[in-house]
Structure formats: structure tokens, C-alpha cells
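Hi,

Here is the structure I promised to pass on.

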Amino acid sequence: MKKTYLLTPGPTPVPETISSIFARPLIHHRTPGFQKLFEEVRAGLKYVFQTKQEVLTLLCSGTGGMDAAVSNLFSPGDEIISINGGKFGARWAKIASAYGIICHEIKVAPGASVEASEVSDFVAKHPSAKAICFQASETSTGSCMPTEEIVEVARRANLLSVCDAITACGVFDLPMDEWGIDVMITGSQKAMMIPPGLAFIALSDRAWKANETAKAPRFYFDLAREKKSQLKNQTAWTPGTSLIQGLHEALKMIQEEGLQNVFKRHERLAQATRAAVQALGLEILATKRPSSAVTSVKVPSQIADGKLIPRTMRDSYGVTIAGGQDELEGKIFRLSHFGYCGIFDITTGISCLEMTLHDLGYPVQFGKGVGAALASYKKTS
Ligand SMILES: *Cc1c(COP(=O)(O)O)cnc(C)c1O
């Protein structure tokens, strides 16, 4: 027997009280019982998004939410701007191109962040653009983009701001209405603490206005049609009933803890993780605006094949973390610290990392990283 631990930035662990819900007999969705449940889910989602707008629940992974944003806001031939700071930032241009929409990319080095001045200079060079699409937290590098500033640049230029908040919403403060974010998207398997399968998307009044004239083809992800149904506590198509039952419980947990306390917990866990890896002599990739969702750590030069770190952690010790993707493959590994996560998930991950580094020939004083994590956690209490 090997006990296993899931410490990846999606899917994140599911609380035991929620996973037991998935074993219940199925409910039917065209019933008063489902409608009551969904009404409470709608209210809970507005709380997490910090918005008065309707937060639509879609049956798809997070990318479906990004796809829906593009196809519901723009028309073929339209131009948009995207901020490409990694694997997820690169996705905007791929989605846009599928709909015949032209995407101008601001390229950001892996682990770096973008400055508002860079964005506004770029906007000035692309006067026909209709929106700025970006990631609040670029999960592939562990770097945040300055959402409030980007939204401000967009608003001043009369562009829509489209925010992939998939490892940001419910992780750190991202008040949609207060900051004027036009579109915000997240997915179920991240801070919502339930399995993959749902995406959530909310649109501002300005974004709904753009939707009225947007001509990109769409059928399943027709947000206006969804909104009409969801306002009546129904969905246009068969909803993910079991996932929504789990979500109902997850939202209750988030509301009981309080959103600000959730953010504080994530920040403390992120700080503890960063302290631990630094105590082990390792370097963090994203130093400028590190995400409180995930910490990317550079593979030390003593370890030739960086892919061995996550592989050894998983295969020898049962701890699943994430490696680097695309151009960062083998160069970094990523420790997640959000969702259903506490300090002992951090110390589990770090102690496993210590053993793994030792196995791979990197000098480690056992307990050094764990000790630093605990000390940081206590200091930030
Ligand atoms: C996880 C994630 C997505 C969505 O990925 P799916 O596999 O479609 O759920 C998109 N953007 C970011 C920043 C993510 O972390």
C-alpha cells in the first residue's frame, strides 16, 4: 500500500465531505429540488466572484469557459490583444484563430509579469483591438499579471477586459465588480475544490452589450441562452448534476471560512512554500509577482533531468506535483498551495521533495525545508 497525495494546481484535492456526495443516488435536473440547489449555488458563485452579475455554470473544463468568452464577444475579423506569459496565455490566440479572430500577443518571458505601461503602449499600436485577454495567475509559470492595472488600461481605451481567473478566483482577491473586470472565468477543479467538469463565467454589462452584436459561430456555449435559463434556476442543456451538488457544499465551505480568510490562508501557504524551497537552496521562477496558487521552482543544475523530480515524488513516494510544460518541461517543477489545502499538505510536499532531491544527488539537510515552512507559517499567523 502506498498512500497518495495530490498537490497539483488542478485538479486540486476534493474534501472528503464532498467526495461522498458523488456516491448519492442521482437527482433529476428538471425538478424543484434541483432548482432550489441551483439557486443557492448561483448566490454562492456571485459571492466568490464578488459580483452582482449572473455567474453562468457550464458543463466543460476551464478552457470551455475561455472558448465561450471568445465566441460570445467577438466576430470573425475582429482584433483582440492577449497577454502571453505561458501555456495558458498562449491559448487565447489559439482559440481566437479557430473563430477567425485576429489576436495580437504581448509576449512575456516565462515567470515574468507585464507592466501596465507595456500594455498601454501595445494598445496604442493596435487601435482596432476590441479586448485585452489575459491570465490573472499564469498557472504554467506561477506568475500573476497585474489585473487591476490591466483592467484600468482596457477601460481607458474602451476595450473589454477578459480575465482567465482559473487559478485566481477564490485564491486571491479579485473583486470583479469593484475593479470593473468585464469577463471573469474559472473552473471547478481549481479553487472550487470539486472534480474537473464545470466552468464558470460572468460578464459585465459592457460585455453583455458586446454579446448582442458578436457574430462568431456558437451553439452549445450560447451565453445569452444560458443566462435566460439560469436566471430561472435551470440550465439550457443537461447540467452536471453531481458536480453541482458537490459545488453546493464547496461554496458553503468557502462562505463559512469567509472569502478574505480563504485568501489569507492561501497567501500564508504560498509564503511557507517559498520559504521552504529557498531554505533548500532552490530558486523560484516567478519572483516579481508570485502567485499564491502555485510556486514554480527551478530545477537545480546538479539534477540533469528535471523531469525526474515530479516522477520520483509520484512513483517512489505517492506525492503528485506538477512539472514544467512546453518550453519549461524539465526546467521547473510546480508546488500547488490552494483549494482544499492546509499547512500539513505543504509539509508533506516539502518533506517528499527533500527525500527526492536527496535521491537524485542534490545535497539536502533533512527537515530544513519543512522547518522553514513551519517557521514562516507561524510568523504569518
Ligand atoms: C487549469 C487552467 C485552465 C483550464 O484548463 P482546463 O484543462 O481546460 O480546465 C486555463 N487557464 C488557467 C490559468 C488554468 O490554470
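Ser-229 touches Gln-234, Thr-235 and Ala-236, once its neighbours within four places in sequence are set aside (contact means heavy atoms within 4.5 Å). Ser-229 sits in helix H9; helices here are DSSP runs of H or I with at least four residues, strands are runs of E with at least two, and both are numbered from the N terminus. With a relative accessible area of 16%, Ser-229 is buried (buried is under 20% relative accessible area, exposed is over 50%, and partly exposed is in between, with a 1.4 Å probe and protein chains only). Leu-58 is 171 residues away from Ser-229 along the chain, yet their C-alpha atoms are separated by 12 Å.

Before I go on, the ground rules. This is a predicted model, where local features need pLDDT of at least 70 and side-chain atom pairs count only at pLDDT 80 or more, while totals for chains, interfaces and linings use all residues. Residues are numbered from 1 along each chain as its sequence is written, and side-chain values use heavy atoms, with hydrogens and water left out.

Staying in that part of the chain, Asn-233 belongs to the loop between H9 and helix H10 (241-257). Its phi is near 60 degrees, a positive value in a residue other than glycine. Asn-233 has 11% relative accessibility and so counts as buried. Asp-326 also has a positive phi without being glycine, near 50 degrees. That residue is in the loop between strand S13 (322-323) and strand S14 (332-336). Is Asp-326 buried or exposed? Asp-326 has 51% relative accessibility, so it counts as exposed.

One more backbone item: the peptide bond from Gly-10 to Pro-11 is cis, with omega near -5 degrees. You will find Pro-11 in the loop between strand S1 (5-6) and helix H1 (16-19).

Now the charges. The structure holds 18 salt bridges, a salt bridge being a side-chain nitrogen of Lys or Arg within 4 Å of a carboxyl oxygen of Asp or Glu. Glu-152 is worth a click: it pairs with Arg-155, with the closest N and O atoms 3.3 Å apart, and with Arg-156, where the corresponding distance is 3.4 Å. Glu-152 and Arg-155 both lie in helix H6 (residues 147-156), 3 residues apart, which is about one turn of the helix. Arg-156 and Glu-152 are 4 residues apart in H6, so about one helical turn separates them as well. As for accessibility, Glu-152 is partly exposed at 31%, Arg-155 is partly exposed at 39%, and Arg-156 is exposed at 64%.

Elsewhere, Arg-42, Lys-46 and Glu-54 are linked in a network of salt bridges. Glu-54 is buried at 5% relative accessibility, whereas Lys-46 is partly exposed at 23%.

On to helix packing. How do the axes of H12 (residues 308-317) and H13 (residues 343-359) cross? They come within 9 Å and cross at roughly 105 degrees (axes are lines fitted to C-alpha atoms, for helices over the stretch in contact, and angles run from 0 to 180 degrees between N-to-C directions). H12 and H13 are therefore roughly perpendicular to each other; that label covers 65 to 115 degrees, with under 35 counting as roughly parallel, over 145 as roughly antiparallel and the rest as oblique. From H12, the contact uses Ile-309, Thr-312, Met-313 and Tyr-317. H13 brings in several residues, including Gly-349, Cys-352, Leu-353 and Met-355.

Then there is His-104, which lies in strand S4 (residues 102-107). At 19% relative accessibility, His-104 counts as buried. Beyond its neighbours within four places in sequence, His-104 is in contact with Glu-79, Ile-80, Ile-81, Ser-82, Phe-122 and His-126. Gly-89 is 15 residues from His-104 in sequence and 12 Å from it in space, C-alpha to C-alpha.

Last, the surface. Leu-59, Phe-219 and Tyr-220 form a nonpolar patch with about 300 Å² of accessible area together. Patches are made of residues with over 30% relative accessible area and no salt bridge, joining like charges within 9 Å and nonpolar side chains (Val, Leu, Ile, Met, Phe, Trp, Tyr) within 5 Å; accessible areas come from the Shrake-Rupley method with a 1.4 Å probe, and for residues only the protein chains shown count as cover. Tyr-220 is in the loop between helix H8 (205-213) and helix H9 (223-230), and is partly exposed at 35% relative accessibility.

Cheers
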